[in-house]
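Good morning, and thank you for coming. I shall present one structure and ask you to follow along on the screen.

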Amino acid sequence: MDETSDEPPTSAVLLDNCHFSQVVFNNVEKFYVPGGDITCYYTLTQNIVPRGKDWVGIFRVGWKTTREYYTFMWAPLPSDAHSDAAVQQQIQFKGLLCLSEAYYLPKDDEYYQFCYVDQDGVIRGASVPFQFRAETEDDILVVTTQGEVEEIELQNKNLRKENEELKVSCASLQKQNIDLQKELSKTQELQDSLESLRNNTEKLELELNSLKKENKHLKELDDCREAELHQLKDEIRNVTSDKERLETRLKTALDHMDQLQSRVLNYEKKVETLSHTDHDKTEQLESLKEENRQLRMTVTQQVKPSLSITVLRGARAERLRHPWQRAVKELEEQKRLYQVLQAQKNEADEENQKLREENDGLLRHLSQAGEVSSFSVVSQAQAPVPAAEVGGLLFGNPYSAAGANLGAGAADLVSIRKCPMCDDVFPEDIETSQYEAHVQSHLLECPLCSETFEKSNKQVFDDHLFCHGLE
């Protein structure tokens, strides 16, 4: 990469926070000639990922931060940036620079070293120290004393010892770096797991809030349903009370009707008896009249009536006249008694008509209450009603029409046996189990509390089951 005039990325990171083992510098000379080209060889290990703003700088030994570079060159990217193996790289520092370039090489006798800095301004590798010294034009024999030799050897020994210590420190740092990278990976995994748990917790909190709102709404609906249920129960109790009262009145009216029918039967028996008696008296009167007529014809045909015949005829006529008069009196008395019984019968007919109208009103009221308690109404309607006997009465049974109307009322009661859900009417001879099965087919029963709901209100049934699930 060509060098530019841009400032390299640096940081105030101290030496203790740098990683020197990720880039290793190779073939570093002890001395470099000032003003000449310097080729820097280094190896990128698998622990570093090179980036476009990485750079290699020359630092004076003893530097503290990456801002203390002397000069630098941009580090070229390797051809295979994603390789897991170590990559050999090199970079060349130009010693003779044109005036427009800002980089230059030091020319003093201080110790320097190469440092690899990433684009975050962090040291990733450092070389061994080297110096810049000028080459001598002639070969000069340098004579050193024994003391200087010993001093140089001592320095070399110290440098080797320091090099060994640096190697040990480098190995330790590499191990620490590997451990730290593993811990960093675990930390990253824990952070990812923590973030996932936080997201799940937020989702669960949102779901919980939604469920709380839904539960509150269901409780409000349940309260409304409870209020409606209490109201319906009160209405059912009122209707049941009215039905029982009407049933009591109907029973009383039916008992009174039975009594009236019994009285009418007694009156009819008396009238029949009187009719037979009247018929016998009438026949007897007709017989007497016929006998009287024959006697008169006999008297008229005789030309010479005699005294004996006259006496006989007068005595016989007198004898016949008294039974005839008694028969006429008895007949008049029977007619008078018949008129009295006829008046009593008319009064009983009027009272029976009033009772029939009252029964019709009770039956209509019971038919309206039948939707609340259809079974009790049907059972009441099917109760046996005493039928008026129609015998061979002289004037007929005046309550036969009332019995027919009562039968019609019972038939109307039987027709009340209809489904309270769909208003289907069932015949009189249907089994009670079939009727109950039909009504049950319109209902949904809760498997937990046995409460029933109409199939048309399936949403209410589902809400009821959901409330059981929340308990």
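Predicted model: local features only at pLDDT ≥ 70, side-chain atom pairs only at ≥ 80, totals over all residues.

Residues are numbered from 1 along each chain as its sequence is written, and side-chain values use heavy atoms, without hydrogens and water.

Let us begin with the pocket. On a 1 Å grid over the protein atoms alone, a pocket is an open set of points where a 1.4 Å probe fits, with protein on both sides within 12 Å along at least five of seven lines; lining residues have an atom within 4 Å of a point. The largest pocket has a volume of about 1800 Å³, where volume means the space filled by probe spheres set on the points. Its lining has 43 residues, and Ser 127, Val 128, Pro 129, Asn 163 and Leu 166 are the closest to its centre. Which element gives the largest share of the lining? It is α1, with 16 residues. Helices here are DSSP runs of H or I with at least four residues, and strands are runs of E with at least two.

Next, the surface. Leu 211, Phe 466 and Leu 470 make a nonpolar patch of about 250 Å². Leu 470 lies in helix α6, residues 458-470. Leu 470 counts as partly exposed because its relative accessibility is 41%; buried means under 20%, exposed over 50%, and partly exposed in between (1.4 Å probe, protein chains only). Patch residues have over 30% relative accessible area and no salt bridge, with nonpolar side chains (Val, Leu, Ile, Met, Phe, Trp, Tyr) joined within 5 Å and like charges within 9 Å. A salt bridge is a side-chain nitrogen of Lys or Arg within 4 Å of a carboxyl oxygen of Asp or Glu.

Finally, Asn 457 is in the loop between β11 (452-454) and α6.

Methods. Areas by Shrake-Rupley, 256 points an atom, 1.4 Å probe, with all protein chains shown as cover.
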